[in-house]
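User: I would like to learn how to read the features of a model like the one shown here. Could we begin with its overall form and then turn to its charged side chains?

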Amino acid sequence: MALMTGDEKHGPAATSTLDALWVLYDRVLRVTPGSADAAGRDRFLLSKGHGPMAYYAVLAAKGFLSEELLTGFGSYDSPLGHHPDRTLVPGVEISSGSLGHGLPLGVGSVLGLRARGLAEPHVWVLIGDAELDEGSNHEAIAYAGSAGLEQLHTVVVDNSSATHGWPGGIASRFEAAGWSAATVDGRDHEALYAAFTAPHAGRPRAVVARVEPKS
């Protein structure tokens, strides 16, 4: 991450996601540079597109893109923009920009997999707590719970940046809609891994990763 400099880095937004991203790509996601286009791969959707430095760093560490590209982050001719572009960056499933779209896209991805008879691939969506201010996410939460979209997994990085918050905690919002949900220390890799891999038969899974952002 230190290789990426320049304006509009959204540093705290990036560092708040780094641990969750690393655990996912290092120990959970069934996708590699060689299987990035395979039908049976797991899909990871970065909805929290602000501050993608951590995402790019993890993709580089796992061989999806060259580390040499990191120094050009945000420059005019670099594929590594301030929001990831799926047409420019290998391994990126969606282009992000306007917040609040990743979880609805995750729902659609699971429905698409079901329609193709693909029950094994998992769909993971990483959102920020402030995205829960967007009504589109609540529609996705309600539908996914009622439809029992077991292949859908959501990681909510909670750094207390939401305008409204949620009485009883973010996990309770998902549980009320029929999800399996847990809240963990977003810096604790073992706790993240246990929460990511916990069984949740017949229900989508939400993991709230609570972090204090680092500068």
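Analyst: We can begin with the radius of gyration: for 215 residues a compact globule would have a value near 17 Å, and the protein, which is a predicted model, has 16 Å, which agrees. The C-alpha trace spans about 45 × 40 × 30 Å along its principal axes, and buried residues make up 49% of the 215 residues.

User: Which pattern of helices and strands does the protein follow along the sequence?

Analyst: There are six helices and five strands, and read along the sequence they follow the pattern α-β-α-α-β-α-β-α-β-α-β. Among contacts between residues at least 6 apart in sequence, 78% join residues at least 24 apart.

User: How should I read salt bridges, and how many does the count come to?

Analyst: The general idea is that side chains of opposite charge can pair when their charged atoms come close. Here the count comes to seven salt bridges, in a protein with 16 positive and 24 negative side chains. One of the pairs is glutamate 93 with arginine 41, whose side chains meet at 2.8 Å, N to O. Because glutamate 93 lies in the loop between H2 and helix H3 (102–115) and arginine 41 in the loop between H1 and S1, the pair ties together parts that are 52 residues apart in sequence. Glutamate 93 is buried at a relative accessible area of 19%, and arginine 41 also counts as buried, at 12%.

User: Which residues are linked in a network of salt bridges?

Analyst: Asp158, Arg210 and Glu212 are linked in such a network. Within it, the side chains of arginine 210 and aspartate 158 meet at 3.8 Å, N to O; arginine 210 lies in strand S5 (residues 205–210) and aspartate 158 in strand S3, so this pair ties together parts that are 52 residues apart in sequence. Arginine 210 is partly exposed, with a relative accessible area of 30%, whereas aspartate 158 is buried at 12%.

User: Is lysine 48 buried or exposed, and what is its nearest side chain of opposite charge?

Analyst: Lysine 48, in the loop between strand S1 (43–46) and helix H2 (53–61), is buried yet has no salt bridge, the nearest side chain of opposite charge being aspartate 129 at 5.7 Å. A salt bridge requires a nitrogen-to-oxygen distance within 4 Å. Residues that lysine 48 touches include Ala13, Leu99, Glu131 and Asn159.

Methods
Residues are numbered from 1 along each chain as its sequence is written. This is a predicted model: local features need pLDDT of at least 70, side-chain atom pairs count only at pLDDT 80 or more; totals for chains, interfaces and linings use all residues. Side-chain values use heavy atoms; hydrogens and water are left out. Helices (H or I, at least four residues) and strands (E, at least two) are DSSP runs, numbered from the N terminus. The radius of gyration is taken over C-alpha atoms; the globule rule is 2.2 Å times the number of residues to the power 0.38. Buried means under 20% relative accessible area, exposed over 50%, partly exposed in between (1.4 Å probe, protein chains only). Contact means heavy atoms within 4.5 Å. Lys and Arg count as positive and Asp and Glu as negative; His and the chain ends are not counted. The place of a charge is taken as NZ of Lys, CZ of Arg, CG of Asp or CD of Glu. Lists of a residue's contacts leave out its neighbours within four places in sequence.
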